[in-house]
Amino acid sequence: MDTTTIGVRSELSRRDFMKGCLAVTAFMGLPHTLFSKVLETAESDRRLPVIWLHFQECTGCSESLLRSSHPTIASLILDKISLDYHETLMAGSGFQAEKSMHDSITANKGKYVLVVEGAIPTAENGIFCMVGGRTATESLAAAAKDALAIISIGTCASYGGIQAVSPNPTGAVGVGALVKDKPIVNIPGCPPNPYSFLSTVLYYLTFNKLPELDNLGRPKFAYGRRIHEHCERRPHFDAGRFARAYGDEGHAQGYCLYQLGCKGPVTFANCPVQRFNDVGAWPVSIGHPCIGCTEPDVLFKTAIAEKVQIHEPTPFDGYPPVDTGKKGKGASPLTTAVVGLAAGVALGAGAMLAKKLPDSTSSSQDKKNP
Amino acid sequence: MKPLSRRNFLKTAGSCAGLLTVAPVTCALAGTSRTVNDDELGMLYDATRCVGCKACMSACKRYNNDNGNLEPEKAKFDPDGLWDAPSDLSGNNRTVIKLFKENSTSWSYVKYSCMHCQKPSCVSACPVGALTKDRQTGIVSYDKTLCIGCRYCQIACPFNIPKFQWDRAMPQIVKCNFCKETCLKEKGITACADVCPVKAIVFGKRKELLADARRRMKDHPDRYLDTIYGEHEVGGVNHLYLSGVPFAKLGLRDLPADAPAVFSETIHHTIYKGFIAPIALYSALCFVALRNARKQKDHQAPHDDGSPGGKA
């Protein structure tokens, strides 16, 4: 495969390369001292053999990775991995392509990383997605058998994505549902940030182990915090300034998109920090609420306009006034009247009762002196 | 012997009680030897430094949510439950930041939380020992397993700090305990002091805090009032305040330097010293009762003899 066809390599300057590596180091949450180690890894000739399988998907994940406006990211990735099979990018086709995959798997047994893009259909023996005469389940099983690890790129490969939404006619599932005996790193997102993928690859090459994952199999360095926590519109949320309709005054002012259904408060991703296309843009920055694409229970499961529940509320941006010895409202006249009446009745009844009580001394004397 | 009239009895009893009460009161007033332990833990809140970010409120709740049985508090204007917007200390809040604003130049934030008195009234008032003051750290803390829900502590507190969870089926008293079971245990500092970005809340020993406060006042005499709120109020408290606007305007009332708890406890403890007062009282009552009974018997004897079947 000729990299010039992708049109990236020639444009990567040393400065861009260093910047990219530094960004990746910071992004993985590593201390600055490890930058040299990451850089060393990035500069080394060691390349990770990668088999990239496509199943039920839109190729958006690959596209977002390759079509970044600056070359840094894509070229870094393509420099660090030996992409032995990628249906969109490879020059060969047909039997030639299949052979290339087969050869790579045989040659790099137990040493290659399998990247999966797209969900895998399981209904009716998986006939809904067939490549080279094999169903997706068969291809996945064959490629996964000798893989070092599997990276599920995109929400479809991670959790099933839009294919797996009810009624899910093809019985689509994510990789994790089928492969149980291999370490799987999920990089969900629709599409995910290419830096998340690159960092995972470089992390592995630098430390020879996979990064720490959360309970949904996502690297913690990229999916450790909610969108809401780093959102540039957060001050508007705290102050209660919301866009209530697309194009209204609040929307024009850049107010918080929560009322439009933003899923930022329940979505774990790094979008507000590591933005897209190298120009600092991400959906919320251009006025669209977050749709929660990294969350299996949010994307396509809740309507875009549906408001989410805030689970860990934080203080409102306002202050109660100091109360300098003011007293409460006190009892209302009605309450006073009712209580007074009741007290009066009780007193009267008590007095009447006391009157009717037999006089103990006189009665005892009566008995004693009949 | 002349029979004891009701009037005379009351007179005697009254004077006895008076004597028992007055003596300790004079003792209490005379005994001004208030002992303040400056080695106890405390916090210094500097209202001139506070920027009102409420990080302390968030951190307090984050750390003490489970341990303190706290929940977010919806505001009236917030049906969706977007914010935790308490308007005061409550059954869900151990600390709150409030704003005093007279005009655009005279304003200040103020943080409320337990003052951790040297002689806490709540501890004194608690009938079951659910509120205790740690001898070493000086932390006034609450034990939900002992509490009977009488809320005497709420009435006793001169700062109106302990709050009761009126809306819960299993309510507790809510007040700051310097993160005793949570952040203090974990990091050796209270959560609020830990997160404060401008060091408006400082945690440490009382003597260090007082020294720090004095240093600040000396360095910026134009910025601060010349008193440290809490140094002497109600016998000294461990949560100290510095401010540029009068404390009364921040809702920190002008309180006497005598601890009400010391006053009432002296009376109480004197009366009950060695259990003498109750013994004396009951002995006297017993004596009167026995004497009356004997007298009654003497008085009634002839009648009883004359009418054996009277009761039948």
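Predicted model: local features only at pLDDT ≥ 70, side-chain atom pairs only at ≥ 80, totals over all residues.
**Entry 1: chain A overall.** I began by counting elements, and chain A has 14 helices and 9 strands. Next I looked up burial: of the 370 residues in chain A, 38% are buried. Then I checked how far along the chain the contacts reach. Taking contacts with a separation of 6 or more, 72% are between residues 24 or more positions apart.

**Entry 2: the two domains of chain A.** I found chain A split into domain 1, residues 3-223, and domain 2, residues 225-316. How far apart are their C-alpha centres? I got 27 Å for domain 1 and domain 2 of chain A. I then looked at where they meet: 17 residues of domain 1 are in contact with 14 residues of domain 2. On the domain 1 side, the elements giving two or more residues are α7 (154-159), α8 and α9 (220-223) of chain A. I sorted that side by class too, and it has 10 nonpolar residues, 7 polar ones and no charged ones.

**Entry 3: α8 of chain A again.** Helix α8 (residues 194-207) packs with helix α1 (residues 14-27) of chain A, and their axes are 10 Å apart. Are the two roughly parallel or roughly perpendicular? The angle is about 85°, and since 65 to 115 degrees counts as roughly perpendicular, α1(A) and α8(A) are therefore roughly perpendicular to each other. I noted who makes the contact: α1(A) brings Ala23(A), Val24(A) and Phe27(A), while α8(A) brings Tyr195(A), Leu198(A), Ser199(A) and Leu202(A). By class, these are 6 nonpolar residues, 1 polar and no charged.

**Entry 4: a sheet in chain B.** I moved to chain B and picked an open sheet of 3 strands, in the order β8-β1-β9, with mixed pairing. Which strands stand at the edges? They are β8 (201-205) and β9 (239-242) of chain B; each has a single partner strand, so one side of each lacks a neighbour in the sheet. On average, neighbouring strands here are turned by 25° against each other, direction ignored.

I followed one pairing further. Strand β1 (residues 41-46) of chain B runs parallel to β9(B), and 4 bridges join them. One residue I traced was Met43(B), whose bridge partner in β9(B) is His239(B).

Entry 5: Helix α7 (residues 206-219) of chain B packs on it, touching β1, β8 and β9 of chain B. The direction of α7(B) makes about 135° with that of β8(B).

Terms used
Residues numbered from 1 in each chain as written. Chains lettered and ligands numbered in written order. Axes fitted to C-alpha atoms, helices over the stretch in contact; angles between N-to-C directions. Parallel < 35°, antiparallel > 145°, perpendicular 65-115°, else oblique. Contact = placed C-beta atoms within 7 Å. Nonpolar A, V, L, I, M, F, W, Y, C, P; charged D, E, K, R; others polar. Pairing = 2+ DSSP bridges. Buried ≥ 20, exposed ≤ 12 C-beta atoms within 10 Å, placed from the backbone. Domains from an automatic or database assignment.
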